[in-house]
Amino acid sequence: TNLSDLAGTYWPPPSFKYMSKANARIVGAGAYETSGGFTVPSPRTVWWTRPFGASDVGDAESIPNFTTGKIGPGYGLNMDFDVTGLSPALDGTIYVFGYHHITALIPTQSVGALAFQAVPIRSDIGCISNASIQLAEDENGQQCVYFTSEKGPYRIGAGGVQYLGNDNEDIWDD
């Protein structure tokens, strides 16, 4: 008595290089390979799923078949740079890093393909490795995202993007 979903409603995501979670969604970036021909692997694309439980059918394991005009099927955005990492969510915002770029994915009140707004933060520094991105606290107990750029250690938090390498520049210069 229940009709099945239309064919093509759910597309498998590509094999993400980087993953994070925000507001009951999985956010992934970069791709090692295609998802059986459903998506084009790209080092510049960030995808997200429906919120977990939105349709009760594979929400965390699929990207909806929705053309954004910028990329093929699915909810997502193309960045102007190759993605080198994703931060854990900081107050719902995920930071997308390139080698010389930082963009904030800020959650909106919209659903689907418009669930995040991309806001460029910096185009002169970025993150050299996803392994260096950590969510921690600053000296006041406020959550921050710490990362390593080619210029040294930085953090993003209530004070914006802050350079933390003044005390160890002599070590970084070697």
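The model is predicted. The chain contains one helix and 14 strands. Of its 174 residues, 42% are buried.

**Overall features**

- The accessible surface of the chain amounts to about 9400 Å², and carbon and sulfur atoms account for 51% of that area.
- When contacts between residues at least 6 apart in sequence are considered, 44% of them join residues at least 24 apart.

**Nonpolar cores**

- In soluble globular proteins, nonpolar side chains tend to be buried together.
- In this chain, the largest nonpolar core comprises 18 residues, and those with the most contacts inside it are Val27, Val46, Met79, Val83, Val96 and Leu105.
- At least two residues of this core come from each of the strands E2 (16-22), E3 (25-31), E4 (45-48), E6 (75-78), E7 (83-86) and E8 (94-98).

**An open four-stranded sheet**

- Four strands form an open sheet in the order E2-E3-E4-E6, and their pairing is antiparallel.
- E2 and E6 are the edge strands; each has a single partner strand, so one side of each has no neighbour in the sheet.
- On average, and with direction ignored, neighbouring strands of this sheet are turned by 20° against each other.
- The antiparallel pairing of E2 with E3 runs over six bridges.
- Alanine 22 has arginine 25, in E3, as its bridge partner.

- Threonine 103 belongs to strand E9, which covers residues 101-107.
- Threonine 103 counts as buried because its relative accessibility is 7%, below the 20% limit for that class.
- Apart from residues up to four places away in sequence, threonine 103 touches Met79, Phe81, Ile94, Tyr95, Val96, Ala118, Val119, Pro120 and Ile121.
- Isoleucine 121 is found in strand E10, residues 116-122.
- Isoleucine 121 has a relative accessible area of 36% and is therefore partly exposed.
- The contacts of isoleucine 121, with neighbours within four places in sequence left aside, are Tyr95, Ile102, Thr103, Ala104 and Val161.
- The C-alpha atoms of isoleucine 121 and isoleucine 102 are 5.3 Å apart, although the two residues are separated by 19 residues in sequence.

**Salt bridges**

- Side chains of opposite charge can pair when their charged atoms come close.
- The structure contains three salt bridges.
- One of them joins the side chains of aspartate 82 and arginine 44, at 3.1 Å from N to O.
- Aspartate 82 is in the loop between E6 and E7, while arginine 44 is in the loop between E3 and E4, so this pair ties together parts that are 38 residues apart in sequence.
- Aspartate 82 is partly exposed at 39% relative accessibility, and arginine 44 is partly exposed at 36%.
- Another salt bridge links the side chains of aspartate 124 and arginine 122, with an N to O distance of 2.8 Å.
- Aspartate 124 is partly exposed, with a relative accessible area of 36%, and arginine 122 is partly exposed, with a value of 27%.
- A further salt bridge is formed by arginine 155 and glutamate 139, whose closest N and O atoms are 3.0 Å apart.
- This pair links distant parts of the chain, 16 residues apart: arginine 155 is in strand E13 (residues 152-157), and glutamate 139 is in the loop between strand E11 (134-137) and strand E12 (143-149).
- Arginine 155 counts as buried at 8% relative accessibility, whereas glutamate 139 is exposed, with a relative accessible area of 61%.

Notes. Residues numbered from 1 in each chain as written. Predicted model: local features only at pLDDT ≥ 70, side-chain atom pairs only at ≥ 80, totals over all residues. Heavy atoms only, no water. Core = buried A, V, L, I, M, F, W, Y, C linked by side-chain atoms within 4.5 Å. Buried < 20%, exposed > 50% of the residue type's maximum accessible area, 1.4 Å probe, protein only. Contact = heavy atoms within 4.5 Å. Areas by Shrake-Rupley, 256 points an atom, 1.4 Å probe, with all protein chains shown as cover. Pairing = 2+ DSSP bridges. Axes fitted to C-alpha atoms, helices over the stretch in contact; angles between N-to-C directions. Salt bridge = Lys/Arg side-chain N within 4 Å of Asp/Glu carboxyl O.
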